There are 2 protein chains.
Amino acid sequence: MAVKTAVRPPEFSALGRRAAPPTIARLMTAALESPGLLSLAAGFTDSASLPVDFVTNAAARLAARPETPEFLQYGTNQGRPLLRRLLAQLIDTEEGWAPGHTSEREIFITNGSQQALFLAMQVLCDPGDLVLVDRPSYFVFLEMLRGLGLEARSLPTDSAGKLDRAALARLLDHIAHGPDRARLKAVYFVSYFSNPSGRSLDETEKTDLAQALAARGIFAPVIEDAAYRQLGFDGHSPSRSILALDAWQPFPRLYTSTLTKPFATGLKVGYGCCSDEAWRSRMLHAKGHHDFGTANFAQALLEEVLADGSFARHLDTIRGVYARKCAALDEALRSAGLRELGWRWTRPAGGLYLWLEAPPGVDTTLDGPFFHACLREGVLYVPGDLCFGDAPEHNRVRLSFGVLAPDLLAAAAERFVAAARSLSR
Amino acid sequence: MAVKTAVRPPEFSALGRRAAPPTIARLMTAALESPGLLSLAAGFTDSASLPVDFVTNAAARLAARPETPEFLQYGTNQGRPLLRRLLAQLIDTEEGWAPGHTSEREIFITNGSQQALFLAMQVLCDPGDLVLVDRPSYFVFLEMLRGLGLEARSLPTDSAGKLDRAALARLLDHIAHGPDRARLKAVYFVSYFSNPSGRSLDETEKTDLAQALAARGIFAPVIEDAAYRQLGFDGHSPSRSILALDAWQPFPRLYTSTLTKPFATGLKVGYGCCSDEAWRSRMLHAKGHHDFGTANFAQALLEEVLADGSFARHLDTIRGVYARKCAALDEALRSAGLRELGWRWTRPAGGLYLWLEAPPGVDTTLDGPFFHACLREGVLYVPGDLCFGDAPEHNRVRLSFGVLAPDLLAAAAERFVAAARSLSR
């Protein structure tokens, strides 16, 4: 028997050494330490409307099939062919294309769209590389960039959140004629009812961006994150994507979205549609090393609900749910007097978030007085500074209306405004 | 509108440039091009015995719960607490520990055990690093090492497949006193009814390995892949793991296994149990970037079937199924005369594979004459040379008895032996 010795600590790789707890973990710790806290932070979806019957009916129908239950067997690395065909049809509809335009070969299934984003970055970028991101941007993506040792640079926006063409031209000139040119490996943006801003990029903005890049010979791979595209409250998708817009055709393009946010997040199935075969196949090789295929059962359930229309029916339901919850939060913040305290925001037309701007000088960061005032009042939010690739603003707040019921949203809003009032005295 | 130009190809990262199609993809292509082929290659599980009723009953029970259907909501990055408690209990039972020895804090849930292996390598190893692996070893793990730019070095085995202590001492002396010492970052082995060899490491072999490493001051993190531990035909686990064996206590230890191979591969839920908090937390941070949590619904289903005993009942069933299928393949190969052609193998006591040694001079590689003879006869196998981290042997074959029904196993065996006979004429 070996003599017991102290356990030797492992050495870590560069990636392992960079690995840091996500900032959001500190939020969760705060939540756990404060029972009774109402969270406007969590990006969860509405729990009361989760499609339990649709899922169990789909499982029962799969079980009743006479053939071998292949849905409980391993699937393929790229994903189920029927699911990929259904997604190709969905994209054709969304882009206004004739059926058959998108091929299922271009589509691959992932563990939520997050994995598609990770695979994309993994095969494109080495540590030290540069990625252009929207401003503000999805904070889990920004943390992933840091984990991979990558630098984010924000696409400039004006005070209304629109792409700032003049500032963009200056930024791209700087990149095109300097050492950053060789480091720039990808462009990323959340284009529909964005997390966190709730904004959508219109076709003109998307085209302007493509043309500004192309004019400088920058044809870096582009990733459009369309996770919230189907969550427009009126069912309307505000613009075509990089898949369809002419100006983006010369670029290698990856469009990512998810089947779980608009249906059931517990299934964790996302997808990518990639125009570039070499890029796609490299992402798939990397996925082969991650897990060699997303859970086949979850994919089979989603095939069922997409094919029989229950996915679409559920989407109709939750669009209404989120529209009402958005209105409830927005109105509760207004009626509690947050506007009068100098806060500004726009009610979005879809998605799960309100994006608030506090008066100048109010510090909304995790270590600032406002966050602690909110903890005292019993409400949690995502500090907006986490949502900037660079040059963070310190007076922004992301509020989610996804998970709380309308009465709790109203209560949370009152606590939030009470915290704002306590600081403005 | 932009003038259409040729699409610019993306530049790839070092990892992206290394990404190569898995060799197994060539097998699949061969299979698709030869309808009627019987595959002894696929590592799939038995389809006829898949636990459809257990899964649909579990789904119905979840749906019938009066509370909010949180199982269709996002879960946590580390995995469901109850599932992790159930797995901690499973480990306690398997290692012969009193209940409560293993903590659920040490356990994390992954997309199959493959993801746990990927996360482990990602946070430990940089390109150019060295990993010690069993000989033969799991070929998807070996391909993943190549994808990450890592070098595999085999732990030497004798002609019976046992760890060769003298050769091991020479290898470790060479590593300990040379430039490889700084590059060595991990030790990996499949210890129960191994893929591909069907062998289990006994406690003496495992302890010998730990002592040989420790004697040279090599306390590299160790990963024990126990994916087939529960698939012993008599329900017996042949040895304790690195979690329990004294000699391994000074090492950072990761034990990986899966709930899907012994139940339903379509659910794709694996797990790791890691003794080292820093290592575990870094893997979890990386997982946060991959997908921030394995599908909650699949985890909830597995909680149900573990807690109500249907997982254990299914395991009893499939142990018998695999024992019979193993016997069917083994006996069909014998009665068709493969022994008389000079082939050697041992019937394993568990798992899904037979590991065959062809007579010297028979080339079983993918481009060799035997593989093509098998294609002509209509049977597919995994060339054994893919299963070596270095110095591959070219006369080995992995046959899986997992997926084909017993009558088809017999037919496939006859084809296989016909191919062997055609080359020995």
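1. Where is the place of B:Pro196 in chain B? B:Pro196 sits in the loop between β5 (184-190) and α9 (203-215) of chain B. Those labels come from DSSP runs, numbered from the N terminus: helices are H or I with at least four residues, and strands are E with at least two.

2. A quick word on ground rules. This is a predicted model, where local features need pLDDT of at least 70 and side-chain atom pairs count only at pLDDT 80 or more, while totals for chains, interfaces and linings use all residues. Residues are numbered from 1 along each chain as its sequence is written, chains are lettered from A and ligands numbered from 1 in the order in which they are written, and side-chain values use heavy atoms, with hydrogens and water left out.

3. Now for the peptide bonds. Most residues other than glycine have a negative phi, and most peptide bonds are trans. The bond from B:Asn195 to B:Pro196 is cis, with omega near 15°. Over in chain A, A:Arg135 and A:Pro136 are also joined by a cis bond, with omega about -5°. A:Pro136 lies in the loop between β3 (130-133) and α6 (139-147) of chain A.

4. Have a look at B:Ser194 too, in the loop between β5 and α9 of chain B. With a relative accessible area of 2%, B:Ser194 is buried; buried means under 20% relative accessible area, exposed over 50%, and partly exposed in between, using a 1.4 Å probe and protein chains only. Setting aside its neighbours within four places in sequence, B:Ser194 is in contact (heavy atoms within 4.5 Å) with B:Asp134, B:Arg199 and B:Tyr353.

5. Two residues have a phi worth checking. B:Lys268 is not a glycine, but its phi is positive, near 55°. You'll find B:Lys268 in the loop between β7 (253-258) and β8 (270-274) of chain B, and at 7% relative accessibility it counts as buried. B:Ala391 has a positive phi as well, near 40°. B:Ala391 is in the loop between β11 (382-383) and β12 (396-400) of chain B, and this residue is exposed, with a relative accessible area of 54%.

6. On to helix packing in chain A. The axes of α12 (residues 310-335) and α14 (residues 406-424) of chain A come within 8 Å and cross at roughly 30°. Axes here are lines fitted to C-alpha atoms, for helices over the stretch in contact, and angles run from 0 to 180 degrees between N-to-C directions.

7. The axes of α5 (residues 112-124) and α6 (residues 139-147) of chain B come within 11 Å and cross at roughly 30°, so α5(B) and α6(B) are roughly parallel to each other. Their contact is made by B:Gln114, B:Leu117, B:Phe118 and B:Met121 of α5(B) and B:Val140, B:Phe141, B:Met144 and B:Leu145 of α6(B).

8. Last, how do the chains relate? A rotation of 180° with 0.0 Å of shift along its axis superposes chain B on chain A, with RMSD 0.0 Å. That is the relation of a two-fold axis. The superposition is by least squares on the C-alpha atoms of residues with pLDDT of at least 70 in both copies.

How values were computed:
Angles under 35 degrees count as roughly parallel, over 145 as roughly antiparallel, 65 to 115 as roughly perpendicular and the rest as oblique.
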